[in-house]
Amino acid sequence: MQRIADETTRGSKPRSRFMAFVALTKPRIIELLLVTTAPVMFLAAQGLPSLWLVLTTLIGGSAAAASANVFNCYLDRDIDAKMHRTENRPLVTGEVSAREALVFAFALGIGSIFWMGGFTNWVAAGLTATAILLYVVFYTIMLKRHTTQNIVWGGAAGCMPVLIGWSAVTGSVSWEPFILFLVVFFWTPPHYWPLAIKYKADYDAAGVPMLPSKVPPTSVGRQIIWYGWAMVAASLALIPVAPMGPIYIITAVLAGAWFMYQCYALVKRAKKGFSGTQLRAMKVFHGSITYLSVLFLAVAVDPFFNPFFG
């Protein structure tokens, strides 16, 4: 999933070397990825999985995501320097050298793969390696600077935690995590594009062809709605496959309806010609985080209540 957080230190005292390295890993992005990992493990176990397994999976997943994020900072340091939102990242300010960042990224990545292989299984380890490669090579190198649909296909890397979490429990992959993969895949554009609307000037300055930099907000809004409905459809497709009980069903329907209302409201404001803060694009961005968190909380909780609804 590609959530952008302002990790700068404007107006604050200089970071320590340790905190500079931490900033390279983009901790707030990692938090969101973990929201989708643990609940899938509960679904795979149809209850409470081994807490040690959950802990080791989250540690390995965090290290893998951190590795991908540091590689991203290394590869994008030239455009980060041109964007107000990212101009204080450690590689831009010189707090961390490019060589140090590259060594750090490789250490985290290789360590996470062997960690997953040793403490979970090698299926999960292979998926972990795939997630890193998708984000670094497929998204950062191949897509980000070359297509307005970069975040759509590049967002596949952010979907991998659901497959990793499931495989850590079962040693395999099946339809349930694949459907949740699609939920996150279709969720990514409605999540990311509102943020890109706010930071359009940054992307223009850096020459990155994010969709909101190339088409008007009304067109972005329409595409957000298309992906939003696909996301809701995918979330409902899990019901007969898992199968899911009333807790998840009610949550998926209500949360989906609430989020789609937010998306339609964005398009309505865009059609009225609103721009800047009046467009309230960030309301959809924050709403997307709430939606995903609530939905995956229902994924985690539902198996515990299913026996009562028998």
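Predicted model: local features only at pLDDT ≥ 70, side-chain atom pairs only at ≥ 80, totals over all residues.
Q: What is the volume of the largest cavity in the structure?
A: The structure contains 2 cavities of 30 Å³ or more. For the largest cavity, the computed volume is about 280 Å³.

Q: Which residues lie closest to the centre of the largest cavity?
A: The lining of this cavity is made up of 25 residues. Those closest to its centre are L33, G61, A65, A157 and P161.

Q: Which helix supplies the largest share of the lining of the largest cavity?
A: At least two lining residues come from each of α2 (27-45), α3 (51-75), α7 (122-143) and α9 (156-170). The largest share amounts to 8 residues, and the helix that supplies it is α3.

Q: How many residues of the lining of the largest cavity are nonpolar?
A: The lining has no charged residues. It divides into 8 polar residues and a nonpolar group, and the nonpolar group numbers 17.

Q: How far apart are the closest N and O atoms of E100 and R17?
A: Side chains of opposite charge can pair when their charged atoms come close. E100 and R17 form a salt bridge, with their closest N and O atoms at 2.9 Å. This pair links distant parts of the chain, since E100 belongs to helix α6 (residues 98-119) and R17 to helix α1, 83 residues apart.

Q: Is E100 buried, partly exposed or exposed?
A: Buried means under 20% relative accessible area, and exposed means over 50%. The relative accessibility of E100 is 30%, so E100 counts as partly exposed.

Q: Are D80 and R89 buried or exposed?
A: The side chains of D80 and R89 meet in a salt bridge, at 3.3 Å from N to O. Both residues are buried.

Q: What is the relative accessibility of K26?
A: K26 is placed in the loop between α1 (17-24) and α2. Its phi is near 55°, a positive value in a residue other than glycine. K26 counts as buried because its relative accessibility is 1%.

Q: In which loop is Q46 placed?
A: Q46 is not a glycine, although its phi is positive, at about 50°. With a relative accessible area of 44%, Q46 is partly exposed. Its place is in the loop between α2 and α3.

Q: What separates the C-alpha atoms of S50 and V169?
A: S50 is found in the loop between α2 and α3. S50 and V169 are 119 residues apart along the chain. The separation of their C-alpha atoms is 8.7 Å.

Q: Which peptide bond is cis, with omega near -15°?
A: One of the two residues concerned, P243, is found in the loop between α13 (217-241) and α14. The cis bond runs from A242 to P243.

Q: Which helix gives the largest share of the nonpolar patch?
A: L236, I249, I250, V253 and L254 make a nonpolar surface patch of about 420 Å². V253 is partly exposed, with a relative accessible area of 44%. The largest share of the patch is 4 residues, and these come from helix α14.

Key: Residues numbered from 1 in each chain as written. Heavy atoms only, no water. Patch = residues over 30% accessible without salt bridge, like charges linked within 9 Å, V, L, I, M, F, W, Y side chains within 5 Å. Areas by Shrake-Rupley, 256 points an atom, 1.4 Å probe, with all protein chains shown as cover. Salt bridge = Lys/Arg side-chain N within 4 Å of Asp/Glu carboxyl O. Buried < 20%, exposed > 50% of the residue type's maximum accessible area, 1.4 Å probe, protein only. 1 Å grid on protein atoms, 1.4 Å probe; cavity = no way out; pocket = protein on both sides within 12 Å on 5 of 7 lines; lining within 4 Å. Points joined across faces, edges and corners; volume = space filled by probe spheres on them. Nonpolar A, V, L, I, M, F, W, Y, C, P; charged D, E, K, R; others polar.
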